[in-house]
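Reader: Could you take me through a few local features of a model, giving the general idea before each case?

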Amino acid sequence: MKRTNLDGWIRRQEGVQDLERKQIEEIQLRKLNILLKREKERGGFYRSLPDRLDTLEDLRRLPFTTEKDLIREGHRMVLTSQSGIERVRSQETSGTAGKAKRVYYSAKDNERTVSFFAAGLSELVFPGEKVMVCMPFSGNRGLGELIAEAVGRLKGIPLAAGTGRSYGELLDILDVERPQVFVGMPVPLLSLLRLRPENSLVRALVSADACPDTVRKEIEARLGTRLYPHYGSREIGLGGAVTCPAFEGMHLRENDLIAEIVDEEGRVLPRGEWGELVLTSIEADAMPLIRYRTGDITRILPEPCPCGSAVIRLDRVRRRSRCTAMEKLDDRMFQYEEVVDYRMRMEGDTLYAEGYLRKDRADFPEELEGYPIRYRWKTVAMEDMPCYAGKRKITGMEKR
Ligand SMILES: [Zn+2]
């Protein structure tokens with residue numbers, strides 16, 4: 001089996017021949033110490049931390065950074081000058097009175113992300129192929145733009161489909177351009193494949209949302225190939241971990257990120273155990289984070305990857321709490337192949353589903369997860385839009 005292309009990318013980026021655990025950990029400790037020194041010299045947010053650690057294990061003794069810290073003190077975490085900032089990504093949060101979380105990126109950070117995306121996508125994008133990019137295009141190096149740049153570097157042709165188009169517009173792109181590859185969220189991909197069973201797509205990378213088993217299995221059956229899940233988040237530079245040809249977990253960008261898994265009390269767990277993912281972004285230029293609690297639940301796979309790489313792999317990643325409920329619902333609802341998409345809200349103790357069907361069907365379950373459920377379906381029309389532009393969740397549930 002071919003080794004993950006990420007392995008070669010890390011070796012090239014770091015100028016090393018071999019990439020066993022020893023080399024990876026040397027790279028991580030060296031970069032961590034450079035970061036701690038930088039914080040001290042610039043009087044950064046982390047200036048009171050030691051300016052040098054002797055071993056990677058010592059990282060465990062440093063305090064966590066939480067989402068709350070990021071919301072309240074994010075601007076103090078920036079290590080570059082204002083003019084060095086190329087892009088600020090804001091995200092509304094449900095915590096801390098709905099204040100936005102801001103993450104700052106320099107041109108160097110964005111370049112690194114494009115380069116990582118190109119390495120990850122090189123497993124499934126080949127020269128001359130068209131890639132339908134269904135991620136947000138927000139101008140000035142948004143996520144969609146960075147993915148399109150990476151596709152271009154692989155000599156592929158990006159199609160900027162974005163996340164704001166109707167089914168009619170998306171199907172037009174599919175029919176007219178005939179892309180081979182899809183990059184986007186899993187449910188919108190499944191909707192398209194259900195609406196247009198005869199299509200040109202043969203491979204797909206999914207990211208930015210949970211991918212329940214029902215959805216994954218049907219996508220893989222319809223494409224005739226395995227799916228490439230990716231994990232990333234705004235806080236750590238968008239690109240984080242990507243699937244290799246073994247299709248057993250996602251290799252982490254370990255030369256740029258140090259991963260730990262912790263339990264609810266913040267104790268570091270051994271490999272193989274499930275817990276919260278904590279990341280330290282040792283390569284970040286504008287806004288490095290030390291021991292950031294992502295709120296994402298996963299584990300580091302304990303066995304070496306069949307592809308032969310020593311780079312660690314994350315198992316599937318779940319958001320904590322309310323998104324998990326939506327993932328469970330999706331797993332159940334998409335078993336009905338008439339469903340194109342639906343949104344879910346909770347009022348009192350009742351769930352309300354509203355969505356689109358390809359053709360009528362009446363025998364949906366009367367309760368899900370112990371809650372009664374009411375439906376409002378309509379037959380899908382070409383001007384309808386996918387129900388969620390971002391992560392799928394049950395609205396009205398966050399108050400619980
Ligand atoms: Zn692998």
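**A serine and its partners**

Author: The side chain of serine 122 makes a polar contact, at 2.7 Å, with the side chain of asparagine 5; a polar contact is a pair of N or O atoms within 3.5 Å, where within protein one must be able to donate a hydrogen and the other to accept it, and residues adjacent in sequence count only if both atoms are side-chain atoms. This is a predicted model, in which local features need pLDDT of at least 70 and side-chain atom pairs count only at pLDDT 80 or more, while totals for chains, interfaces and linings use all residues. Residues are numbered from 1 along each chain as its sequence is written, and side-chain values use heavy atoms, with hydrogens and water left out.

Reader: Where is the place of serine 122, and with which residues is serine 122 in contact, leaving aside its neighbours within four places in sequence?

Author: Helices (H or I, at least four residues) and strands (E, at least two) are DSSP runs, numbered from the N terminus. Serine 122 sits in the loop between α4 (107–121) and β3 (130–134). Contact means heavy atoms within 4.5 Å, and beyond those sequence neighbours serine 122 touches Asn5 and Leu154.

Reader: Is lysine 155 buried or exposed?

Author: Buried means under 20% relative accessible area, exposed over 50%, and partly exposed in between (1.4 Å probe, protein chains only). Lysine 155 is exposed because its relative accessible area is 60%, whereas asparagine 140, at 47%, counts as partly exposed.
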